[in-house]
Amino acid sequence: MAKTYDYLFKLLLIGDSDVGKAKILFRISKDAFNLTFISTIGNDFKIRTVELEGKKIKLQIWDTPGQERFQTITTAYYRGAMGIMLVYDITNVKSFYNIRNWVRTVEEHAAADVQKMLLGNRCHMTYARKVSKEEGKTLAAEHGIKFMEVSAKTGKGVEEAFLTLARDIKAKMDQRSDPLMSCGGSSGGLTVTAQRSTDRPRRLFCTLT
């Protein structure tokens, strides 16, 4: 059966527990808000297909648990990630401060050139804000990554954030002269191969190495 997409991008949502990662995942995949909070156990992923510059891109988006006791489980998923969203809650200062810890985890386990974005969730809760937008911008600039505030509840900024990250990943891939791109770093992981033939569009094939 012929594939219905041109690219496959694996994305991760990481951050402390209860910053709204699962709700962001639900919003981007279902365009709805899930009122029920269930802390993620293990790893959950959903698929969203978008179109950029005439190409269909399948986003495989993983929600990872934020509790420390699950970190040994989630580190295996970093190797294949092409994009990572670091999520904090604008009403929770601790979740914002912990972003630096999450950045270190990414640097330790993900590919060196993985695309990253900082997301401040629950931006609709202005009455309970504890982290200013300026603080978010400053932290993102410190790590050389893009920043957006979003709301999983209202949907504000969520789609734009994912499209921006996907666009940045595609742009980096298009700049490469070598069609073979390893996303696993020196320790192995997913090898993503872009192939072009006379009768099929450019596609990505992922294999474990």
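## Overall make-up

The chain folds into six helices and nine strands, where helices (H or I, at least four residues) and strands (E, at least two) are DSSP runs, numbered from the N terminus. This is a predicted model, in which local features need pLDDT of at least 70 and side-chain atom pairs count only at pLDDT 80 or more, while totals for chains, interfaces and linings use all residues. Residues are numbered from 1 along each chain as its sequence is written, and side-chain values use heavy atoms, with hydrogens and water left out.

Of the 209 residues, 51% count as buried; buried means under 20% relative accessible area, exposed over 50%, and partly exposed in between (1.4 Å probe, protein chains only). The chain has an accessible surface of about 10600 Å², and carbon and sulfur atoms account for 50% of that. These areas come from the Shrake-Rupley method with a 1.4 Å probe, and for residues only the protein chains shown count as cover. Among contacts (heavy atoms within 4.5 Å) between residues at least 6 apart in sequence, 67% join residues at least 24 apart.

## Ser-95 in helix α3

Ser-95 lies in helix α3, which covers residues 93–97. Its relative accessible area is 0%, so Ser-95 is buried. Beyond its neighbours within four places in sequence, Ser-95 is in contact with Asp-16, Val-19, Tyr-88 and Asp-89. With Asp-89, the side chain of Ser-95 reaches the backbone nitrogen at 3.0 Å.

## Helix α4

Helix α4 spans residues 99–109, and its buried residues are Ile-99, Trp-102, Val-103, Thr-105 and Val-106. Seen down the axis of α4, these residues fall within an arc of 160 degrees, so they line one face of the helix. The arc is that of the directions from the helix axis to the C-beta atoms. An α-helix has 3.6 residues a turn, so residues three or four places apart point the same way. Glu-107 and Glu-108 are exposed on the other side of α4.

## Helix α5 and its cover

In helix α5 (residues 133–143), the buried positions are Gly-136, Leu-139 and Ala-140. Down the axis of α5 they fall within an arc of 100 degrees, and therefore line one face of the helix. On the other side of α5, the exposed residues are Glu-134, Thr-138 and Ala-141.

The cover over the buried residues of α5 includes helices α3 and α4, together with strands β4 (83–89), β5 (115–121) and β6 (146–149). After α5 comes Gly-144, with a positive phi near 70 degrees.

Conventions. A polar contact is a pair of N or O atoms within 3.5 Å; within protein, one must be able to donate a hydrogen and the other to accept it, and residues adjacent in sequence count only if both atoms are side-chain atoms.
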